[in-house]
Amino acid sequence: MTEHFERDRPRLRAVAYRILGSLSEADDALQDAWLRADRADTSEVENPSGWLTTVVARVCLNMLRARDTRREEPLDEGPRTGTTGPDPAAEAQLADEVGVALLIVLDTLGPAERLAFVLHDMFDVPFDDIAAMLDKTPAATRQLASRARRRVRGVPAPEADPPRRRRAVDAYLAATRGGHFEALVSLLHPDVVLRADAAVVPTPEPFVVTGVEPVARGAMASMARARFTGVVLVDGRIGLAMAERGRLRVVLRFTFADDGLITGIDVIAEPDRLGELRISVMDA
């Protein structure tokens, strides 16, 4: 079983990451799953890969169900004292590969829906096997995956958002990630206004920044967060969302001038406000 586990580790890690949305939690899940596998009698296991997938999935399901007590983690919380988390660059790259918007939408699903969708739609696990993990019938498990699929499916940007607005938001994200100050300045209207709620920094009160260079400098200060940010639809309009460790943390909503320059940026981080937003995956 050790050989099977090591051979399947990349796939098992991919399963755990998509279920949990956090690389550190995925690695914790694999460690727990291995300890369980090592203690189990596997002499009659005919399909080691499928059996290990089931063990990992059940560990992840338990972690999802226990997660509610940790949903109010501070935005900039670092690794726990005495622990070392995964390389932030590696986590950011993996989030990009999976899709930040997808991770955000997955985080809005219930544990059973998320497990059913990830295992079936992403890893082709049969519904009969998933049903046994969830203590549900295959028909009920199909319904869970179907509901999740409707939430996750990408939707096109509305006609009110012309392609140049998508290009502007893409360029804003690229400039912020790369620290390209002049490129960012070129995207902003001379009278641009940025409004941020109190949870963004955090500060005692919401704050407002006006003018191209002050707004651009503020964006440059968020380079680390930009690594975990992706283009999404926010209430049906093109925006950005940051999902560090697979949890929705910050949303940016934009307004534009007729020439496509950005005139306003609304930065939202307060949990109550985030909970009111409808975040959707957008077709590429």
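UniProt positions are given in the numbering used here, feature names are shortened, and annotations may be inferred rather than shown by experiment.

**Entry 1: ground rules**

I am working with a predicted model, in which local features need pLDDT of at least 70, side-chain atom pairs count only at pLDDT 80 or more, and totals for chains, interfaces and linings use all residues. Residues are numbered from 1 along each chain as its sequence is written, and side-chain values use heavy atoms, with hydrogens and water left out.

**Entry 2: the annotated span**

I looked up the UniProt record first. This unreviewed entry lists residues 105-151 as "domain: RNA polymerase sigma factor 70 region 4 type". I then checked the span in the model. Residues 105-151 are 81% helix and 0% strand.

Next I took helix α1, residues 2-20. Axes here are lines fitted to C-alpha atoms, for helices over the stretch in contact, and angles run from 0 to 180 degrees between N-to-C directions.

Helix α2 covers residues 23-39. The axes of α1 and α2 come within 9 Å and cross at roughly 140°. That makes α1 oblique to α2. Angles under 35 degrees count as roughly parallel, over 145 as roughly antiparallel, 65 to 115 as roughly perpendicular, and the rest as oblique. The α1 and α2 crossing is right-handed. I read the handedness this way: left-handed if the near helix is turned anticlockwise from the far one by less than a right angle, right-handed if clockwise. On the α1 side, the residues that meet α2 include Phe5, Leu12 and Tyr17. On the α2 side, they include Leu23, Leu30 and Trp34. I count a contact when heavy atoms are within 4.5 Å.

Helix α6 covers residues 111-123. The axes of α1 and α6 come within 9 Å and cross at roughly 140°. I therefore logged α1 and α6 as oblique to each other. Their crossing is right-handed. Among the α1 residues meeting α6 are Arg11, Val15 and Ile19. Among their α6 counterparts are Leu115, Val118 and Phe123.

**Entry 3: aspartate 8**

My scale is buried under 20% relative accessible area, exposed over 50%, partly exposed in between (1.4 Å probe, protein chains only). The side chains of aspartate 8 and serine 49 are joined by a polar contact of 2.6 Å. A polar contact is a pair of N or O atoms within 3.5 Å; within protein, one must be able to donate a hydrogen and the other to accept it, and residues adjacent in sequence count only if both atoms are side-chain atoms. With neighbours within four places in sequence left aside, aspartate 8 is in contact with Ser49 and Leu52.

**Entry 4: α5 against α6**

I went back to α6 for another partner. Helix α5 (residues 100-107) packs on α6 at an angle of about 140°, with the axes 10 Å apart. α5 and α6 are therefore oblique to each other. Leu102, Leu106 and Asp107 of α5 meet Arg114, Phe117, Val118 and Met122 of α6.

**Entry 5: two loop aspartates**

I checked backbone angles in the loops. Aspartate 124 is in the loop between α6 and α7. Its phi is near 55°, a positive value in a residue other than glycine. Aspartate 124 is exposed, at 66% relative accessibility. Aspartate 135 sits in the loop between α7 and α8. Phi of aspartate 135 is also near 55°. Aspartate 135 is exposed, with a relative accessible area of 71%.

**Entry 6: further along the chain**

Threonine 176 is in helix α9, residues 163-178. I found threonine 176 buried, at 3% relative accessible area. Beyond neighbours within four places in sequence, its contacts include Leu184, Met220 and Met223.

Glutamate 182 is in helix α10, residues 181-185. Glutamate 182 is exposed, at 57%. Its C-alpha is 8.6 Å from that of alanine 216, 34 residues apart along the chain.

Last, I looked at glycine 264 in strand β6, residues 262-268. Glycine 264 counts as buried, at 9% relative accessibility. Glycine 264 and arginine 195 are 69 residues apart in sequence, yet 7.9 Å apart C-alpha to C-alpha.

How values were computed
Helix = DSSP H or I, 4+ residues; strand = E, 2+ residues; numbered from the N terminus.
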